[in-house]
Amino acid sequence: MTELTTLTLAKARDGIKNKEFTSQELTKAHLKNIDDANEALNAFVHLSADKTLEMAKASDEKIAKGEGGPLEGIPLGIKDLFCTKDVRTTASSHILENFVPTYESTVTKNLWDAGAVLLGKLNNDEFAMGSSNESSAFGPCVNPWRRKLDDGSEDETPLVPGGSSGGSSSAVAADLCMAATATDTGGSIRQPAAFTGTVGLKPTYGRCSRLGIVAFASSLDQAGPITKTVRDAAIMLQVMASHDPLDTTSVDIDVPDYEKILGAPIKKGITIGIPKEYRVDGMPQEIEALWEEGIDWLKSAGAHIKEISLPHTKYALPAYYIIAPAEASSNLARYDGVRYGKRVPGDNIIEMYNNTRAEGFGAEVKRRILIGTYVLSAGYYDAYYNKAQKVRTLIKQDFDRVFEDIDMVLTPTTPGPAFGIGEVSGDPVQMYLNDIFTVTVNMAGLPGISVPTGMSSEGTPLGLQLIGKPFDEASLLQVAHLMEEAAGDLPKASKWWATK
Amino acid sequence: MKVDQATVHHIARLARIKVSDEDAKNLEKELSSILTWIEQLSEVDTEAVSPMTSAVKTNMKQREDMVTAGGYPRDIVKNAPVSEDDFFMVPKVVE
């Protein structure tokens, strides 16, 4: 039998349906891979082995009866930010280390209803705050990719898988799950996808329900998939997206058949915008070259290329670092030692709060709560929060204006390839700059997708990002699919952990 | 914008996070560096701009004003560190 874990989700789905193999075989093959790799990668933070095998068995019974949903028997990894009923959900934070939800997030419920199998919960930056997965209370997650040395051998320096959805990107790239859920507040799906050679899709704000996803910055958070291919992303989004009356920001709009649209011809005369502001100072030559290559592919496919201007681009990141911490400081106020898991005693209730939060939150989360508290505090609201929301309007207007003439925007996903664990520490602002190309998309509520299209001079993956009009994920997936085909077969990570 | 250690302690008190003097020293530096960096927003003319209120234009949804869930206090307190008779328990706050 071919190695089941190297199949794409689409192929595995067809294989199960055609009874070439069972969900239990597929699931056990993944559990074995996790067993081999997880010590080295730290991608899964907890497994649900008994429940996993029960779900796989139930899927096989359905398939035997000729029943089953669109994801029947497909084993998935779930970012530990999605509440899973009776399965520990921690947001990779000590403050939630004992939290066992009594309800299911809408996105994961959609997946189980479609027949998917839960393998376990995936590592992430604590409360999804970070770009490297180094701020997790469970320790950093490791990228399956390593840098190549001049003699062709591998440098053993562990690289970050990106963040915050680092467990999701690492697990998908290492064949530990068929696909993973992730969330994106400033780039947390697309940047890790770019760092690991996977596809990361951040849908339009409101496309997926936020119910049961641990909240970071509510006006920016959105769930989406990290997958091996664009087709797999289409299949996953199809199931994850839904209108949810329990999330008032979820939008009541049809979810098209994304996989079917992938095969349809792309709209004639499609126009792709290239924003001049994204040619930032000091951009590495290889990123520039990757971008040019993407432009060439789209040109040869008959697309029109147009230079555009998004003048407020450079202000997106500083505005984000007002809005996201402000919303986080408010959302995280609920972790007070009363309702969830951890409590650290004190002489009175205020000291109990102070001690619980001091011990329960890690350094980056505290930093952001404090920044958020400061910008919302008396006398500063107008100067910071209100100012940032006005800048956000300008960023949105930049996109509204260019979308009158173009269909989507093409940019690099990240300013560089994956960096080493510990290499970008010390100055928080340096870490924040990782999201320079992705954060505008969240600020404007737009859909974005990162597609792996090439390799860095270090032998690690690089990605290009497409940004679409609101709710036009379908066109985004079509063009992403085209770029994926143009890029051809890219290398896979070497699975160095297996030789140990 | 620079913050001093007294300000760090003040914000930490508002945020209900205990911060030691040692932590405050580091936070003074880190928060000042972040706040100085975001100061570049002052270059942007926002005189005639309204603050953004929603990322995607939608109409405010309405629903029937009726009870749709509830009656499961045990689920609500299940994750509380201390609870009694389906109530959350906290240290004494009133003498």
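This is a predicted model: local features need pLDDT of at least 70, side-chain atom pairs count only at pLDDT 80 or more; totals for chains, interfaces and linings use all residues.
User: Turning to chain B, which residues of helix 1 are buried?

Analyst: In helix 1 of chain B, residues 5–14, the buried ones are B:V8, B:I11 and B:A12. They lie on the same side of the helix, because they cover an arc of only 100° around its axis.

User: Why would residues with that spacing point the same way?

Analyst: An α-helix has 3.6 residues a turn, so residues three or four places apart point the same way.

User: What covers those buried residues?

Analyst: The cover includes helix 12 of chain A as well as helix 2 (21–38) of chain B.

User: What follows helix 1 of chain B?

Analyst: Helix 1 of chain B is followed by B:R16, which has a positive phi, near 55°.

User: Back to chain A: at what angle do helix 2 and helix 3 pack?

Analyst: Helix 2 (residues 23–41) and helix 3 (residues 49–64) of chain A pack at about 155°, and their axes are 8 Å apart. Angles over 145 degrees count as roughly antiparallel, so helix 2 of chain A is roughly antiparallel to helix 3 of chain A.

User: Which residues meet there?

Analyst: From helix 2 of chain A come A:S23, A:Q24, A:T27 and A:L31; they meet A:A49, A:T52, A:L53, A:A56, A:K57, A:S59 and A:D60 in helix 3 of chain A. By class, the residues of this contact are four nonpolar, five polar and two charged.

User: One more residue: where is B:V56?

Analyst: B:V56 is in the loop between helix 2 and helix 3 (73–77) of chain B. It counts as partly exposed, because it has 17 C-beta neighbours inside 10 Å.

User: What is B:V56 in contact with, leaving aside its neighbours within four places in sequence?

Analyst: B:V56 is in contact with A:T204, A:Y205, A:G206, A:V251, A:G445 and A:P470.

User: How far is B:V56 from B:E43?

Analyst: Their C-alpha atoms are separated by 26 Å, with the two residues 13 apart along the chain.

Methods. Residues are numbered from 1 along each chain as its sequence is written. Chains are lettered from A and ligands numbered from 1 in the order in which they are written. A residue is buried if 20 or more other C-beta atoms lie within 10 Å of its own, exposed if 12 or fewer, and partly exposed in between; C-beta atoms are placed from the backbone. Helices (H or I, at least four residues) and strands (E, at least two) are DSSP runs, numbered from the N terminus. The arc is that of the directions from the helix axis to the C-beta atoms. Two residues are in contact if their C-beta atoms, placed from the backbone, lie within 7 Å. Axes are lines fitted to C-alpha atoms, for helices over the stretch in contact, and angles run from 0 to 180 degrees between N-to-C directions. Angles under 35 degrees count as roughly parallel, over 145 as roughly antiparallel, 65 to 115 as roughly perpendicular and the rest as oblique. Ala, Val, Leu, Ile, Met, Phe, Trp, Tyr, Cys and Pro count as nonpolar, Asp, Glu, Lys and Arg as charged, and the others, Gly among them, as polar.
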